[in-house]
Amino acid sequence: AVVSTQSTGELMKDVDPEEGICLLMLETLGCFMTAPTVYFSWLYTLGLHEQLSLLVLKLGVNPNTGEGTVLAAIRCLSALLNYVMSVVKKALQTQTKSAGEEILRSSQCVVNTCGVLLVWYHYTSAPSALLSITQLYGGQYKDFLTPYNVDILVESLKDKDDSRVKTTLKILKRIVSTDPDLLKSMIASTREQLNKAILAVKSTSPTLVPLSEEVSKLLQKTV
């Protein structure tokens, strides 16, 4: 895999040297991770999942992290999640349940990046990465439905892009269905805000009505 010097160069304009190095490393790692011949299992045994999760958390708390670095980090995280998902699917197909359980257990550190992905939610690739985490690990992120996080999800439900709205609804469905106690911890005003946003989706996006109704029923059931 070859890093595009033109695109990377454009991203690195006006970036301080320290972040420039981080961006270049992430861009290079991203190309390597998505190459068809990469031995991902080798990267995994080196602790890539742990180091990448820590880096995402560090970048997430830095208000000066640039867009290029954010996008490169999400790309690497998505590649990692795709690898975990492929191992789990193969384990299910071959009925080697222990292999799937082992990689889910060892890679659980990526769940800690959910909060950062919500902060980055306005970037195109962040919702799909967050959806992958919820599909793999369910409702294990206990702080998911905080008022601040719900505000972000509510704004996303107002998006004109139905695909992004659909992804957000899937995330909510997965989180609430796997851990009903999360909703019980929400304050009433926040829960009402979420319900109103989902109701609005029903009236503006006919194709999303069935999924919206599923999520609405789950929210009501867990109260």
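A crossing of two helices is called left-handed if the near helix is turned anticlockwise from the far one by less than a right angle, and right-handed if clockwise. In this predicted model, local features need pLDDT of at least 70 and side-chain atom pairs count only at pLDDT 80 or more, while totals for chains, interfaces and linings use all residues. Residues are numbered from 1 along each chain as its sequence is written, and side-chain values use heavy atoms, with hydrogens and water left out.

Helix H5 (residues 67-93) passes helix H6 in a left-handed crossing. The axes of H5 and H6 (residues 97-106) come within 7 Å and cross at roughly 160°, so the two helices are roughly antiparallel (over 145 degrees). Where they touch (heavy atoms within 4.5 Å), Tyr 83, Val 84, Val 87, Val 88 and Ala 91 of H5 meet Lys 97, Ala 99, Gly 100, Ile 103 and Leu 104 of H6. Sorted by class, that contact has eight nonpolar, one polar and one charged residues.

Now for the charged pairs. The whole structure holds five salt bridges (a side-chain nitrogen of Lys or Arg within 4 Å of a carboxyl oxygen of Asp or Glu). In one of them, Glu 214 and Lys 173 sit 2.6 Å apart, N to O. Glu 214 belongs to helix H13 (residues 209-221) and Lys 173 to helix H10 (residues 162-178), so this pair ties together parts 41 residues apart in sequence. Another bridge joins Lys 196 to Glu 192, with the closest N and O atoms 3.4 Å apart. Both lie in helix H12 (residues 188-204), four residues apart, about one turn of the helix.

Definitions and conventions:
Axes are lines fitted to C-alpha atoms, for helices over the stretch in contact, and angles run from 0 to 180 degrees between N-to-C directions. Angles under 35 degrees count as roughly parallel, over 145 as roughly antiparallel, 65 to 115 as roughly perpendicular and the rest as oblique. Ala, Val, Leu, Ile, Met, Phe, Trp, Tyr, Cys and Pro count as nonpolar, Asp, Glu, Lys and Arg as charged, and the others, Gly among them, as polar.
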